[in-house]
Amino acid sequence: MDWNRVEGNWKQLKGKVRERWGKLTDDDLQIIDGRRQQLEGKIQERYGVAKDQAKKDVEDWFSRLP
């Protein structure tokens with residue numbers, strides 16, 4: 001799966017994102033709108049992690065998608 005499929009299926013994947021990162025709000029998810037960099041930025045903001053860690057977390061989550 002490539003990231004374009006995440007963008008295209010964002011409405012269905014929002015629930016999985018909320019399961020993984022519960023601190024993200026509905027407004028955050030609307031702003032992210034399937035964009036990887038936005039997701040990484042919001043994870044940094046909400047969880048107070050470094051950019052590299054947010055990127056790694058997203059890569060790990062993405063690699064586990066069916």
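**Before you start**

The model is predicted: local features need pLDDT of at least 70, side-chain atom pairs count only at pLDDT 80 or more, and totals for chains, interfaces and linings use all residues. Residues are numbered from 1 along each chain as its sequence is written, and side-chain values use heavy atoms, with hydrogens and water left out.

**Stop 1**

Select Asp33. Asp33 sits in the loop between helix 3 (26-32) and helix 4 (36-47). Helices here are DSSP runs of H or I with at least four residues, numbered from the N terminus. Check the backbone of Asp33: phi is positive, about 45 degrees, although the residue is not a glycine. Asp33 is partly exposed, with a relative accessible area of 45%. (Buried means under 20% relative accessible area, exposed means over 50%, and partly exposed lies in between, using a 1.4 Å probe and protein chains only.)

**Stop 2: helix 4 itself**

Select residues 36-47, which form helix 4. Helix 4 has twelve residues. From first C-alpha to last, helix 4 reaches 16 Å, close to the 16 Å expected at 1.5 Å a residue. (The expected span is 1.5 Å times one less than the number of residues.)

Now pick out the buried residues of helix 4: Leu39, Glu40, Lys42 and Ile43. Look down the helix axis. These buried residues fall within an arc of 165 degrees, so they line one face of helix 4. (The arc is taken over the directions from the helix axis to the C-beta atoms.) An α-helix has 3.6 residues a turn, so residues three or four places apart point the same way.

What do the buried residues of helix 4 pack against? Show helix 1 (3-8), helix 2 (10-20), helix 3 and helix 5 to see their partners.

**Stop 3: Glu40**

Select Glu40, in helix 4. Is Glu40 buried or exposed? Glu40 counts as buried, at 9% relative accessibility. Leave aside the neighbours within four places in sequence, and Glu40 is in contact with Ala54, Lys55 and Val58. (Contact means heavy atoms within 4.5 Å.)

**Stop 4**

How many salt bridges does the structure hold? There are eight. (A salt bridge is a side-chain nitrogen of Lys or Arg within 4 Å of a carboxyl oxygen of Asp or Glu.) Side chains of opposite charge can pair when their charged atoms come close.

Select Asp28 and Lys42. Their side chains meet in a salt bridge, 3.7 Å from N to O. Asp28 is in helix 3 and Lys42 in helix 4, so the pair links distant parts of the chain, 14 residues apart. Both Asp28 and Lys42 are buried.

Arg46 is partly exposed at 32% relative accessible area, whereas Asp28 counts as buried at 2%.

**Stop 5: Arg36 and Glu59**

Select Arg36 and Glu59. They form a salt bridge, with the closest N and O atoms 4.0 Å apart. The pair links distant parts of the chain: Glu59 in helix 5 (residues 51-63) and Arg36 in helix 4, 23 residues apart. Glu59 is partly exposed at 36% relative accessibility, and Arg36 is partly exposed at 24%.

Now show Asp28, Lys42, Glu45 and Arg46 together. Salt bridges that share partners join these residues into one network.

**Last stop: Gly48**

Select Gly48, which follows helix 4. Its phi is positive, near 65 degrees.

Notes: Helix = DSSP H or I, 4+ residues; strand = E, 2+ residues; numbered from the N terminus.
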